[in-house]
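This report describes the fold, the cores and some local features of one protein model. Please keep the sequence and the structure in view while reading.

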Amino acid sequence: MSQFSSPRKRLVGLDFDDTVVDTTGAVMRSIEQELGKSVEPGNISDFGYWESLGFSRVQALEFCADLEADGYPGIELIPGVDLLLEETKEESDFFIVTARRPVRQDVTLRTLATKGLDKFIKAIHHTQNPYYGGDLPTKAEMCLQLGLDVFIDNEVRHVNACHKVGVRSFLFGSQGFRDIDPHDGVVEIPDWTIGGAYLKGLL
């Protein structure tokens with residue numbers, strides 16, 4: 001190997017929903033359209049919230065499955081993520097690590113392409129989704145399989161698990177719904193504008 005070989009790129013795993021794209025925002029708009037009225041924002045991962053809106057567990061799952069199949073109409077990027085990927089692409093390889101079902105990978109690919117992010121993403125890797133079952137690896141297991149240096153997710157349980165197995169983990173944003181706290185050593189980044197400046201020093 002030449003002594004002038006380029007250094008290895010940093011391998012970075014990104015959660016997709018509510019980390020790269022504003023899935024909660026898209027779901028909330030669809031709920032309001034379905035109900036024909038404004039509703040208070042809530043934790044869309046909590047069936048109790050759906051029940052407060054008049055949806056049963058089955059209805060909530062079906063509603064979200066239909067939105068997922070349609071690519072979450074009107075979904076937007078989390079502000080600043082495209083700029084971060086552009087500015088760190090020479091030093092980092094990015095992978096999507098998502099709990100979306102593999103059967104919907106075409107939808108995720110289409111969203112990436114539509115938003116101009118497909119050129120930055122090396123691959124999409126699917127992990128366990130507690131709502132649909134299956135034997136896919138957890139996000140922590142996937143991080144180890146891929147040999148990731150960094151993992152970024154908006155859910156505390158995922159970053160805690162990845163941190164526990166030795167992957168440098170970042171808690172992105174936060175919808176404000178937490179039932180556990182991030183472990184010591186997990187770095188919280190509030191958004192891609194503020195967090196991006198910090199991350200660029202690492203990526």
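Predicted model: local features only at pLDDT ≥ 70, side-chain atom pairs only at ≥ 80, totals over all residues.

## Nonpolar cores

Of the 41 residues in the largest nonpolar core, the ones that touch the most other members are L14, V20, I31, W50, I96, I152 and W192. Here a nonpolar core is a set of buried Ala, Val, Leu, Ile, Met, Phe, Trp, Tyr and Cys residues joined through side-chain atoms within 4.5 Å, and buried means under 20% relative accessible area, as against exposed at over 50% and partly exposed in between, with a 1.4 Å probe and protein chains only. Leaving aside residues up to four places away in sequence, W50 touches V27, I31, I44, F55, A60, F63 and C64, where contact means heavy atoms within 4.5 Å.

Residues are numbered from 1 along each chain as its sequence is written, and side-chain values use heavy atoms, with hydrogens and water left out.

## The sheet

An open sheet of 6 strands has the order 3-2-1-4-5-6, and its pairing is parallel; helices (H or I, at least four residues) and strands (E, at least two) are DSSP runs, numbered from the N terminus, and two strands pair if DSSP finds at least two bridges between them. The edges are formed by strand 3 (121-126) and strand 6, each with a single partner strand, so one side of each is left without a neighbour in the sheet. Neighbouring strands of this sheet are turned by 25° against each other on average, direction ignored; axes are lines fitted to C-alpha atoms, for helices over the stretch in contact, and angles run from 0 to 180 degrees between N-to-C directions.

Strand 1 and strand 4 run parallel and are joined by 3 bridges, with L14 standing opposite I152 in strand 4. Strand 4 (residues 150-153) in turn pairs with strand 5 in the parallel sense over 4 bridges: V150 stands opposite R168, F151 has S169 as its bridge partner, and D153 has L171. Strand 4 is covered on both faces, with V150 and I152 buried on one side and F151 and D153 buried on the other. Strand 5 (residues 168-172) is mostly covered, as 4 of its 5 residues are buried, and 3 bridges join strand 5 to the parallel strand 6 (residues 187-189), where I189 stands opposite F172.

## Helices against the sheet

Strand 4, helix 7 (residues 156-164) and strand 5 make a right-handed β-α-β unit; a crossover is right-handed if, with the strands pointing away from the viewer, the path from the first strand over the helix to the second runs clockwise. Helix 6 (residues 139-146) lies across strand 1 (10-14), strand 2, strand 3 and strand 4, and runs at about 150° to strand 2.

How many disulfides does the structure hold? The structure holds 0 disulfides, a disulfide being a pair of cysteine sulfur atoms within 2.5 Å. C143 is in no disulfide, and the nearest cysteine sulfur, that of C162, is 3.5 Å away. C162 is likewise in no disulfide, its nearest cysteine sulfur being that of C143. C143 is buried, with a relative accessible area of 1%, and C162 also counts as buried, at 0% relative accessibility.

## Positive phi in two loops

Most residues other than glycine have a negative phi, and most peptide bonds are trans. Phi of D18, a residue other than glycine, has a positive value near 65°. D18 is found in the loop between strand 1 and helix 1 (23-35), and at 9% relative accessibility D18 counts as buried.

Phi of Y72 is likewise positive in a residue other than glycine, with a value near 50°. The loop between helix 3 (57-69) and helix 4 (81-88) holds Y72, which is buried, with a relative accessible area of 10%.
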